[in-house]
Amino acid sequence: MSAPTHAPERRPMPPDLPPRRPMSPQRRRRLRRTLILGGLGFLLLAWVLSRVFGGDGTASAADAAGGPAGAASATGAASPSASSASASASSSATPGSDPTTVPQQGDGKLTMVTVPGTDTTRTGKTITFGVDVEGGLGIDAAGFASQVRTILSDERGWEVADGVHFVALDPAKRAAGATPDVRVTLASPALTDQLCAPLQTLGKVSCNRHGRAVINAMRWASGVEFYTDLGLYRIYLINHEVGHGLSHPHQNCPTPGAKAPIMLQQTLGLEGCQPWPYPTTGG
Ligand SMILES: [Zn+2]
């Protein structure tokens, strides 16, 4: 970590001003302290933002405070529990024919996608949601929206965990001015960085910002090493970022070997927990 290294610009002094007094040692010390404290404050703020508001950023934000990016990561195979989940989950969130790599940049345009299927019959506080997909990614937009629907409808999902009821808002209603409570957005790494700023996603991770669960298409397409099953990782991604939209902050692994809490930043590491892509521990 370093203090800002912004060097004062040296300009010739205009002739009609009195000569500048040299800075006293005390003043110089005060200035240095102010700069260092200011830099620390900024890094702390960035870290707090990322912990609370869903910047699943790594690098500077997390590293600054010895945060989750520095945490030990559990590698190795998926746990038996995750494997058993994969059997039931893989049919609902299969990687399908989507590419495993995506361009760094799409066309920069988000299209509101009709979400196939119907809302569940569960009752609870209504949370409207919509799905947006950037063009030029080579990913089937309707297929993505369908997987989002399936994940949000799952009995291990937020409807059960939080007692909410997701209602899809179709593009016509949205075009007429209705804004969904949760917008699940599939974006290229470049657009993810734009939508997530000032949270630092660095083209590599996802975030939730202003009610938008921004799913980095690079992660959607390629996953992370902790998940041997890409379908399960995708379920984690959606549930984690939508969890922020439901005001859930980040969590740590409570006990090594436990199923990872959904609000653990599982993209960055598992802290000794087993990968687990749902907000409930059942199933
Ligand atoms: Zn997060």
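Cys196 sits in helix α7 and Cys207 in strand β5, so the bond ties together parts eleven residues apart in sequence. Helices (H or I, at least four residues) and strands (E, at least two) are DSSP runs, numbered from the N terminus. The sulfur atoms are 2.0 Å apart; a disulfide is a pair of cysteine sulfur atoms within 2.5 Å.

A note on the source: this is a predicted model, where local features need pLDDT of at least 70, side-chain atom pairs count only at pLDDT 80 or more, and totals for chains, interfaces and linings use all residues. Residues are numbered from 1 along each chain as its sequence is written, and side-chain values use heavy atoms, leaving out hydrogens and water.

Select Cys253 and Cys273 next. Their sulfur atoms lie 2.2 Å apart. This link is right-handed, with 85 degrees about the S-S bond. Both cysteines, Cys253 and Cys273, are buried (under 20% relative accessible area; exposed is over 50%, partly exposed in between; 1.4 Å probe, protein chains only). The structure holds two disulfides.

Now pick Arg212, in strand β6 (residues 212–216). Arg212 is buried, at 15% relative accessible area. Show neighbors with heavy atoms within 4.5 Å, the contact cut-off. Not counting residues up to four places away in sequence, Arg212 touches several residues, including Leu110, Thr185 and Cys207.

Finish at Ser206, in the loop between α7 (189–196) and β5 (207–209). Ser206 is buried, with 3% relative accessibility.
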